[in-house]
Amino acid sequence: MTIDCIELKAKGDIEDDFIKREKVKDILVIVNNFEANLQQIFRMKIFADMTFKDIGNALDLNESTVKTKYYSMLKKIRIMYMEETHNE
């Protein structure tokens, strides 16, 4: 492989990618502090791209319960993330 075959990203893109990765790491640290069942719902929705219905079926929960837990968790994550980044 020659250097001509390698597509280089613009400097700003590399910096943006780095910042996004750091934000994801920070968010996962926050997620890891939640109860195991909430972590599971979060991971199934975000990483496995499962529907609320499918998550509910997998965890033997009502779909509306899964939605409520997920959106409540997102709200808490946002607050905790903002507090964490504000304190830095």
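This report walks through the helix packing, core, aromatic rings and loops of a predicted model.

## Where H2 meets H4

Start with two helices. H2 covers residues 36-46, and H4 covers residues 63-86. Their axes come within 10 Å and cross at roughly 95°. Angles of 65 to 115 degrees count as roughly perpendicular, so H2 is roughly perpendicular to H4.

Which residues of H2 and H4 meet? On the H2 side they are Asn-37, Leu-38, Gln-39, Ile-41, Phe-42, Lys-45 and Ile-46. On the H4 side they are Val-66, Lys-69, Tyr-70, Met-73, Leu-74 and Ile-77. By class, this contact of H2 with H4 has nine nonpolar, two polar and two charged residues.

## The nonpolar core

The largest nonpolar core has 15 residues. Those with the most contacts inside it are Phe-34, Phe-42, Tyr-70, Met-73 and Ile-77. Four helices each supply at least two residues of this core: H1 (11-31), H2, H3 (52-59) and H4. H4 gives the largest share, six residues. In soluble globular proteins, nonpolar side chains tend to be buried together.

Gln-39 lies in helix H2. Is Gln-39 buried or exposed? Its relative accessibility is 15%, and buried means under 20%, so Gln-39 counts as buried. Beyond four places in sequence, Gln-39 is in contact with Val-31, Asn-32, Asn-33, Phe-34 and Met-73. Met-73 is also among the H4 residues that meet H2.

Met-44 is in helix H2 too. Met-44 counts as buried, at 14% relative accessibility. Not counting residues up to four places away in sequence, Met-44 touches Asp-49, Met-50, Ile-55, Ala-58 and Leu-59. Take Ile-55: Met-44 and Ile-55 are 11 residues apart in sequence. In space, their C-alpha atoms are 6.8 Å apart.

## Aromatic rings

The count of aromatic pairs comes to three. One of them joins Tyr-70 and Tyr-71. A pair of aromatic rings is described by the distance of the centres and the angle of the planes. For Tyr-70 and Tyr-71, the centres are 5.2 Å apart and the planes stand at 75°. Planes over 60 degrees apart count as edge-to-face, so the Tyr-70 and Tyr-71 pair is edge-to-face.

How exposed are the two partners? Tyr-70 is buried, with a relative accessible area of 7%. Tyr-71 is partly exposed, with a relative accessible area of 48%. Ring pairs also bring in Phe-52, linking Phe-52, Tyr-70 and Tyr-71 into a cluster.

## Positive phi in two loops

Most residues other than glycine have a negative phi. Asp-49 has a positive phi, near 55°. Asp-49 sits in the loop between H2 and H3. Asp-49 counts as exposed, at 64% relative accessibility. Asp-49 is also one of the residues that Met-44 touches.

Asp-60 has a positive phi as well, near 60°. Where is Asp-60? Asp-60 lies in the loop between H3 and H4. With a relative accessible area of 72%, Asp-60 is exposed.

How values were computed:
Residues are numbered from 1 along each chain as its sequence is written. This is a predicted model: local features need pLDDT of at least 70, side-chain atom pairs count only at pLDDT 80 or more; totals for chains, interfaces and linings use all residues. Side-chain values use heavy atoms; hydrogens and water are left out. Axes are lines fitted to C-alpha atoms, for helices over the stretch in contact, and angles run from 0 to 180 degrees between N-to-C directions. Angles under 35 degrees count as roughly parallel, over 145 as roughly antiparallel, 65 to 115 as roughly perpendicular and the rest as oblique. Contact means heavy atoms within 4.5 Å. Ala, Val, Leu, Ile, Met, Phe, Trp, Tyr, Cys and Pro count as nonpolar, Asp, Glu, Lys and Arg as charged, and the others, Gly among them, as polar. A nonpolar core is a set of buried Ala, Val, Leu, Ile, Met, Phe, Trp, Tyr and Cys residues joined through side-chain atoms within 4.5 Å. Buried means under 20% relative accessible area, exposed over 50%, partly exposed in between (1.4 Å probe, protein chains only). Rings of Phe, Tyr and Trp (its six-membered ring) pair if their centres lie within 6.5 Å; planes under 30 degrees apart count as stacked, over 60 as edge-to-face and the rest as tilted.
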